[in-house]
Amino acid sequence: MHCLKVFSFCLILFLLLCVPKSNAQQAPFLTFLDDSWVNSTLKNLTPEEKIGQLIMITAYPNQGEIHKRQLINTIKEFKPGGILIMQGSPFETTKLINELQEVSNIPLLIATDGETGLGFRIDSTITYPRAQALGAINNAQILYRMGTDIGKQFKQIGIHVNFAPVADVNTNPENPVINFRSFGENKYNVAEKASVLTQGMQDAGILAVAKHFPGHGDTQTDSHKILPALNKSLELIDSIEAYPFKQLINLGIGGIMTAHLHVPDVDTLEIPATFSSNIIQKYLQEKLGFEGLIITDAMNMGGVNLPEGQAELEALKAGNDMVEFVPDIAKTIETIIEAIIDGEIAIDDINRKCRKILSAKRWAGLNNYKATSLENLYLKLNNPQYEVRLRKLIENSLTILNNDHILPIKGLDTLKIASVKIGGDTNSAFQEMLKKHTQVEHFCITKDASAEELEKLKNDLEPFNLVIGSIHEINMFPARKYGISEIQQKAVTQILSSKKSIFVFFGNAYALKYFEGIENAPGLVMAYEDSKLAQELSAQLIFGSIDASGRLPITINENFKEGHGYPVKNIGRFKYTIPEEKEINSVLLNHRIDSIANLGLDSAAYPGCQVIIALNGNIIFHKCYGYLTYEKQIHVTKSHIYDWASITKITGPLPALMKLYSERKFELDVPFSRYWPDFIGSNKDSLIVRDILAHQSRLQAWIPFWQSTVKRNGKLRTRVFKKNPNKNYSFRVSSNLFMNNKYQETMFDEIKESPLLDKTEYLYSGLSFYLYPSIIEELTNSNYETYLKNTFYHPLGAHSITYNPYKYYPLERMVPTEFDDFFRQEQIQGFVHDEGAAMMDGISGNAGLFGTANDLAKLMQMYLQKGQYGGRQYIPEKTIDEFTRYQFPEDGNRRGLGFDKPLLDNSQNELKDAYPAVDASINSFGHSGYTGTFTWADPDNKLLYIFFSNRVYPTRENLKLFNLNIRPAMHQAIYDCIKEGL
């Protein structure tokens, strides 16, 4: 049904754009010209009041009480027909509108210049992309929904008219007033974009007013300052400049704004089109057949070349129905009354214009005016669903201008990447998003940097084989080369000449022409704007999280002409977005996750935690709570590195074993002794690999290896441990404790000689996982950790995943675990918490991996996507299915191969008895970690959940995480939010 609606809308739009004038729709309010409310209201107005209805005065909600009193006095005395809203906050604007409406005998028509939505004038509200960016979009539905969203937001604040869209065709790149405010240089593209937005706004009940007729896109000067000239024949204007307006008239647009520009081919006297009856009456009304509201541009602009009062009179005489931004309302009314008396303008003309304005008010529902509610106003105006639309608009506008097989970036393990912010001295949102995808080192260079700083940048970039440059601080208007500095130009040239590079341009597309040679960049993305979302989405585009479909709406130079753009499809890397994009209520989701996380904090189940939720390949929630310790000195951040504990089992040896299985180097239904010959002849000779991985091989749950190294007096045996390392004692188990290199063989012997359980049944055992690193090294003929990093972690962009993080990261990035007062006698931080893994030199299959939550998510998402991530198949789909299915459910065993699975009767349990969430599907899988970590993937629901905490700080005796059922409760809350939707 949804697709049918979209198709129907597009078909209707196509027909509207193509129908001849005789079949054109009329402005929507014209059906109320003979309405009873209109008739009675008009009948009771004096001539002065009728003139007042033709005037729109200006209100500044942010200018306080004195300004408000002046407005109230003006309304009471002169009874203007409308108010033009300028700067203010949502609350003060709505409150002012309500107060002004209250003192007006006839409800006021409230308008604003919302070219980019309400945020164009009102702070703390949604600001949509500028028209130039919208001109790059090839998705009519998104633009239509933008129009309806703008309409809803306007109505929520009490506004009825939007002085938009800009329908000017910008054929002059140096245009100082329209420029990026236009949808582009192609009249068909401009007409389509303007029409779709108009339809959306008017369907939402907001009157659209297209501007600036007859077309301001090919002028050399700014009409705010002087009167520009449109030096074209009327025939050429009719073909190009007027084309979008003609289509909008056929569509039924409510209003058109006339421009303060001179058309010498039409008027020999140097008058603006605003005062030209040839332009307005003969051309716009008679030839083009427009019957809707005709409104002037602001009457205080420099392009208005007549005195106050006289200017407004000439505008009305020329055919305008309403004059806006009137500097002197008293003088205007007085001048028009005198003109009526002198016969210069007929009262019938005033009546006709007034009737149209009253009809527009009737269409807007002002005959039954009600004050606008202030309740939850900010939340209503910033509904996250509006942000979803904003994200989609930016996404669809991003335009790839060059792509020499470099976008999206692949082969992360082959790249050493640097990012350079060209313009600015602090890391940008673009750079922060880049590093979520992989390891990137950031650099900045300011617009006024010295030659020495530029040379230093060159040296700093020497070790890198890919540089991602982002160009910022570009002015939107063309004066002084858009504010581009020489150092910015040199920085781009320097990078292009020395490094394989990708550039993203955050600014007016016309300005790109000032970067000589940038057309040679292997990758070049036009982002049009420098907003936070534009930066974040551009970074995601570069790494293949989103598609690219934008087309350049203007011609930059011979290299980049209008319509240029390379489409690119995403390659299945994480997209970072908000819950509403996946039909989840973010307020509800945040409330439920927050409440459970804070329950854990308040109950001292952990000092801090971190949660990631990904749905259908989109990270929709990533939040940190609390501190690293109960001393509350350092907040948990997304960059903190956690001890994953037993999650290591499914992220360390298991991906390697799955890959080896798919390569037929590792089998499941054979004796484990094939791969661990030391078991031959022992009680473990015939244990089967599948049974061991499914935890029903009769192996003991664990062995406390460290206890065998303690003497009766509680001291550690010196033949096993020393406080200082040497060539024979190099296995580091803590800050100042080193183990005999050969003792590992003793540990293996303890596993070999350990008794088996009496019967075959499910019992979770970590013993075999001590052995897998050596087995994997034997089968791959490479170092275990190196193999994992080269085969999985680094290609995934998960560079933080590592054993022994103290070797690679500063201590402050690592989350502390337990204070070990029985073995290592110190606070554990940066060293693995598990004693057995510590005695394996920190590198084991049962525990020992560390990393960020974001990097764990990449590995788990690869599993969730059946072995694929970032355009690369790491593990065959069949292998993933085999390892993640229940292996022996008939024996009451819930386990997969290495992976944990839901309880066999999980869906029938109460939450307190469930594991994990009640609604976790039977095909879901994951693992928990002793330190307070948890990860779970559900392919049926395309859901990934990660919970990190250091619940063992300062002691493992703290069991509140389990007793409060924090992790399953939070997991279930996610399913509940999915079911409840928006």
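Predicted model: local features only at pLDDT ≥ 70, side-chain atom pairs only at ≥ 80, totals over all residues.
**Nonpolar cores.** I began with the largest nonpolar core, which has 244 residues, and looked up the members that touch the most others, finding Leu693, Met839 and Tyr863. For Tyr863 I then listed the contacts beyond four places in sequence, and these are Ile650, Thr651, Pro655, Met658, Ile875, Ile880, Phe899 and Phe925. I also noted a second, separate core of 38 residues, with Ala133, Ile422, Ala449 and Val467 among them.

**Helix 22 and helix 33.** I next looked up how helix 22 (residues 586-602) packs with helix 33 (residues 966-980), and I found an angle of about 170° with the axes 9 Å apart. Because angles over 145 degrees count as roughly antiparallel, I recorded the two helices as roughly antiparallel to each other. On the side of helix 22 the contact includes Leu588, Arg592 and Ile596, while helix 33 contributes residues including Met970, Ile974 and Asp976. Sorting the contact by class, I have twelve nonpolar, one polar and three charged residues.

**Strand 16.** I then turned to strand 16 (residues 608-615), where eight of the eight residues are buried. Gly608, Gln610, Ile612 and Ala614 point one way, whereas Cys609, Val611, Ile613 and Leu615 point the other way. Strand 16 runs antiparallel to strand 17 (residues 618-626), to which eight bridges join it, and Ile613 stands opposite Phe621 of strand 17. These two strands form a hairpin with two residues between them, and in the turn I noted a positive phi of about 55° for Asn616. Strand 16 is also joined by seven bridges to strand 30 (residues 943-949), again antiparallel, and there I found Phe948 as the bridge partner of Gln610.

How values were computed: Residues numbered from 1 in each chain as written. Heavy atoms only, no water. Core = buried A, V, L, I, M, F, W, Y, C linked by side-chain atoms within 4.5 Å. Buried < 20%, exposed > 50% of the residue type's maximum accessible area, 1.4 Å probe, protein only. Contact = heavy atoms within 4.5 Å. Axes fitted to C-alpha atoms, helices over the stretch in contact; angles between N-to-C directions. Helix = DSSP H or I, 4+ residues; strand = E, 2+ residues; numbered from the N terminus. Parallel < 35°, antiparallel > 145°, perpendicular 65-115°, else oblique. Nonpolar A, V, L, I, M, F, W, Y, C, P; charged D, E, K, R; others polar. Pairing = 2+ DSSP bridges.
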